[in-house]
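Here is a short briefing on one protein structure.

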Amino acid sequence: MTRVGSAVRGFEVGDEVYARPRDLRIGGFAEFIAIDQGDVAPKPASLTLQEAAAVPLVALAAWQVLVDRAAVKPGQKVLIHAGAGGLGSTAIQLAKHLGATVATTAGTDSEKLVRDLGADVVVDYTREDFSKVLSGYDLVLDSVGGANLEKSLTVLKPGGLAVSVVGPPDAGFAEQLGAPSFMGLIMNILSRKVRKQAKSLGVRYRFLFMQANGSQLRTLAALYDSGKLRPVIDRTFPFDRTLEAMAYVEQGRTKAGKVVVSMEPDSE
């Protein structure tokens with residue numbers, strides 16, 4: 001932290017912090033960014049700056065699905081898709097911390113990683129259809145969408161919840177954005193098919209768009225410092241190769257976890 005506004009309390013120049021900028025705040029790939037005090041938290045002391053950079057987006061999303069939306073309790077069954085990904089690898093750990101039995105989908109090469117993270121059941125999506133082997137789940141966290149989301153509804157027990165971070169959006173998303181009421185109607189139309197399918201199965205569907213939250217990051221920092229959570233990083237690029245890092249992600253070359261852009265030139 002290089003500067004602190006006159007109204008800011010609890011932070012000082014030189015503090016090591018981490019954050020996810022709030023919606024519409026551009027600057028994640030900038031050398032400097034002005035950020036609201038409410039979005040920032042002290043960096044987990046046990047993590048390097050590069051490791052901490054991999055945390056806010058996926059950790060906040062995992063927390064807001066598993067804790068805020070689903071209120072996961074010990075003994076419940078949770079299916080987390082794409083367990084080796086940035087969100088999946090974090091959500092597996094958090095769900096286990098909350099006491100859930102965790103299933104995940106992953107490729108053959110990722111089975112050891114997701115089991116090490118805490119997955120109890122691993123479905124190799126290259127060999128099996130998860131909807132044919134899983135049933136009775138309380139929650140599904142979907143980051144794939146499309147047919148994968150539709151099949152996810154079928155593995156839920158009655159009253160179970162499917163939360164997608166890739167859509168389609170629903171009226172709750174419009175409310176979260178503070179959009180006019182007609183936008184809620186439009187988003188309900190966009191999600192009508194999946195909501196109708198969910199209703200016919202006696203389950204529920206919700207869309208989640210992660211929000212910046214410094215208070216939650218403080219809670220999550222304690223979990224990282226206690227060893228309950230750990231970041232999973234696929235590769236780190238120096239700042240002057242940011243475009244290469246973005247292409248690496250867009251081309252689907254990431255094997256597991258997050259890709260980080262670092263200000264350190266020798267970080268790779």
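The points below are grouped by topic.

The model is predicted. A search of the whole structure finds 11 salt bridges. The largest nonpolar core holds 44 residues.

**Salt bridge Arg22–Asp36**

- Arg22 and Asp36 pair through their side chains in a salt bridge, at 3.3 Å from N to O.
- Both residues sit in the loop between strand S1 (17–19) and strand S2 (40–42), so the bridge ties together parts that are 14 residues apart in sequence.
- Arg22 is partly exposed, at 36% relative accessibility.
- Asp36 is also partly exposed, with a relative accessible area of 34%.

**Salt bridge Asp124–Arg127**

- The side chains of Asp124 and Arg127 form a salt bridge, with N and O 3.6 Å apart.
- Asp124 counts as buried, at 10% relative accessibility.
- Arg127 is exposed, with a relative accessible area of 66%.
- The cut-offs explain the two labels: buried means under 20%, and exposed means over 50%.

**Salt bridge Asp129–Lys151**

- Asp129 forms a salt bridge with Lys151, and their closest N and O atoms are 3.3 Å apart.
- This pair links distant parts of the chain, 22 residues apart.
- Asp129 lies in the loop between strand S5 (121–124) and helix H5 (130–133), while Lys151 belongs to helix H6 (residues 147–153).
- Asp129 is partly exposed at 25% relative accessibility.
- Lys151 is partly exposed at 31%.
- Elsewhere, salt bridges that share partners join Arg22, Asp36 and Asp39 into one network.

**Nonpolar cores**

- In soluble globular proteins, nonpolar side chains tend to be buried together.
- Which members of the largest core touch the most other members? They are Tyr18, Leu66, Ile80, Leu94, Leu139 and Leu220.
- Four helices each supply at least two residues of this core: H2 (56–69), H3 (86–97), H4 (111–117) and H10 (214–225).
- Strands S3 (77–80), S4 (101–106), S6 (137–142) and S7 (156–164) also each supply at least two.
- Helix H2 gives the largest share of this core, eight residues.
- Beyond its neighbours within four places in sequence, Leu220 is in contact with Tyr18, Ala59, Leu60, Trp63 and Leu229.

**Nonpolar surface patch**

- Phe182, Leu185, Ile186 and Leu190 form a nonpolar patch on the surface.
- Together these four residues have about 410 Å² of accessible area.
- Ile186 is found in helix H8 (residues 181–190).
- Ile186 is partly exposed, with a relative accessible area of 37%.

**Asp138 in strand S6**

- Is Asp138 buried or exposed? Asp138 is buried, with a relative accessible area of 14%.
- Asp138 lies in strand S6.
- A polar atom of the Asp138 side chain lies 2.8 Å from the backbone nitrogen of Lys77.
- Leaving aside its neighbours within four places in sequence, Asp138 is in contact with Gln76, Lys77, Leu156, Lys157, Gly160 and Leu161.

Definitions and conventions:
Residues numbered from 1 in each chain as written. Predicted model: local features only at pLDDT ≥ 70, side-chain atom pairs only at ≥ 80, totals over all residues. Heavy atoms only, no water. Buried < 20%, exposed > 50% of the residue type's maximum accessible area, 1.4 Å probe, protein only. Core = buried A, V, L, I, M, F, W, Y, C linked by side-chain atoms within 4.5 Å. Contact = heavy atoms within 4.5 Å. Patch = residues over 30% accessible without salt bridge, like charges linked within 9 Å, V, L, I, M, F, W, Y side chains within 5 Å. Areas by Shrake-Rupley, 256 points an atom, 1.4 Å probe, with all protein chains shown as cover. Polar contact = N/O pair within 3.5 Å; in protein donor to acceptor, adjacent residues only side chain to side chain.
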